[in-house]
Amino acid sequence: MNFGPLTEVGDAHAIMERAHEVGINFFDTANGYGRSIHPGRTEEIIGEWFAKDAKNREKTVLATKVYGDMGQDWPNTSRLSALNIRRALDASLKRLQTDYVDLYQFHHVDRNTPWEEIWQAMEVAVQQGKVLYAGSSNFAGWHIAQAQEVAAKRNYNGLVSEQSLYNLIQRDVERELLPAAQAYGLGVIPWSPLHGGLLGGVIRKENEGVRRLEGRAKETLEKLRPQIEEYEAFADELGHEPGELALAWLLHQPAVTGPIVGPRTMEQLESAVRAVDIKLDEKSLTRLDEIFPGYKTAPEDYAW
């Protein structure tokens, strides 16, 4: 989602090319990304890159999302009605300069549209060859159960993945979302794996004058400063960069398929790639749990 607002077109294309070189083939975006320029700008940048070389699209597992308003502020121009799914998908395909997406994700829960309608729209999209699989984002565990049970009645695959906020600091999904995803066989794709940069060595960067936080991120840092200081010290002890350690921790979680890394620069991409080679033993994982405690599966988390 940084492509356009924070990353120039040329740099974005170079990052995607480098991603393919190092074996990254899953690219995630959304129809609303690039909003500060105009909704859809990020998809356009990816589409321009696909148009440069047909192999770019062939080598990419492409995911985008539907839900947010695209600037029209009118009924059926947002959320998950059958009409909006149809129109939004066609618009995304046009911007992405492709005839299909591998994974079409519901960016949020739509409490006003019944799952029968949502799945009917997706079945049509699959039959038309415009979508291969459906996924969710920002769902609760019971939303996944509801979606999958309705899909099963229609003899439809339903969801294959869930994209959730998950990192060392924010671990709420461990209670119910991750168990639900595992029970129904969904891959989990964590977003914000560094929690807005707070797990990326923020205190060191702050002390060096490299980074200055504002607003909510600054408030969160002040609240968690002792833990983050302890975390950065432990990363130094292990000989890893804090951001790379945070990504490695996610890769060690059993429900996780892979985190969304969202690099703004080539340097950030290279750092993310190094996390793949970090192996954490049980002692290190236990220490990270001590610094940032997680949750048991519900109901054991709060009951006997």
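Modeller: Here it is, and please keep in mind that this is a predicted model. Let us begin with a pair of side chains, D236 and R204, which meet in a salt bridge with an N to O distance of 3.1 Å.

Biologist: In which helices do D236 and R204 lie, and how many residues apart in sequence are the parts that the pair ties together?

Modeller: D236 belongs to helix α9, while R204 belongs to helix α8, which spans residues 202-207. The salt bridge between the two side chains therefore ties together parts of the chain whose separation in sequence is 32 residues.

Biologist: Is R204 buried, partly exposed or exposed?

Modeller: The relative accessible area of R204 is 26%. Buried would require a value under 20%, and exposed a value over 50%, so R204 is classed as partly exposed.

Biologist: Which residue forms a salt bridge with E230, and where does that partner lie?

Modeller: The closest N and O atoms of this salt bridge, formed by E230 and R287, are 2.3 Å apart. E230 is in helix α9, and the pair links distant parts of the chain, 57 residues apart. Both partners count as partly exposed, E230 with a relative accessible area of 34% and R287 at 25%. The partner asked for is thus R287, which lies in helix α12.

Biologist: D289 forms a salt bridge with R171; which parts of the chain does this pair tie together?

Modeller: The closest N and O atoms of D289 and R171 are 2.9 Å apart. At 33% relative accessibility D289 counts as partly exposed, whereas R171, at 6%, counts as buried. The pair ties together parts 118 residues apart in sequence, because D289 lies in helix α12 (residues 282-291) and R171 in the loop between β5 (159-163) and α7 (177-184).

Biologist: How many salt bridges does the count come to?

Modeller: The count rests on a rule that asks for a side-chain nitrogen of Lys or Arg within 4 Å of a carboxyl oxygen of Asp or Glu. By this rule, the total is 21 salt bridges.

Biologist: Turning to packing, how are α9 and α10 oriented to each other?

Modeller: Helix α9 (residues 215-238) packs with helix α10 (residues 242-251) at an angle of about 90°, and their axes are 9 Å apart. The contact is made by Y231, E232, F234, A235 and L238 of α9 together with P242, L245 and A246 of α10, and by class it has 7 nonpolar, no polar and 1 charged residues. Since angles of 65 to 115 degrees fall in one class, the orientation of α9 and α10 is roughly perpendicular.

Definitions and conventions. Residues are numbered from 1 along each chain as its sequence is written. This is a predicted model: local features need pLDDT of at least 70, side-chain atom pairs count only at pLDDT 80 or more; totals for chains, interfaces and linings use all residues. Side-chain values use heavy atoms; hydrogens and water are left out. Axes are lines fitted to C-alpha atoms, for helices over the stretch in contact, and angles run from 0 to 180 degrees between N-to-C directions. Helices (H or I, at least four residues) and strands (E, at least two) are DSSP runs, numbered from the N terminus. Angles under 35 degrees count as roughly parallel, over 145 as roughly antiparallel, 65 to 115 as roughly perpendicular and the rest as oblique. Contact means heavy atoms within 4.5 Å. Ala, Val, Leu, Ile, Met, Phe, Trp, Tyr, Cys and Pro count as nonpolar, Asp, Glu, Lys and Arg as charged, and the others, Gly among them, as polar. Buried means under 20% relative accessible area, exposed over 50%, partly exposed in between (1.4 Å probe, protein chains only).
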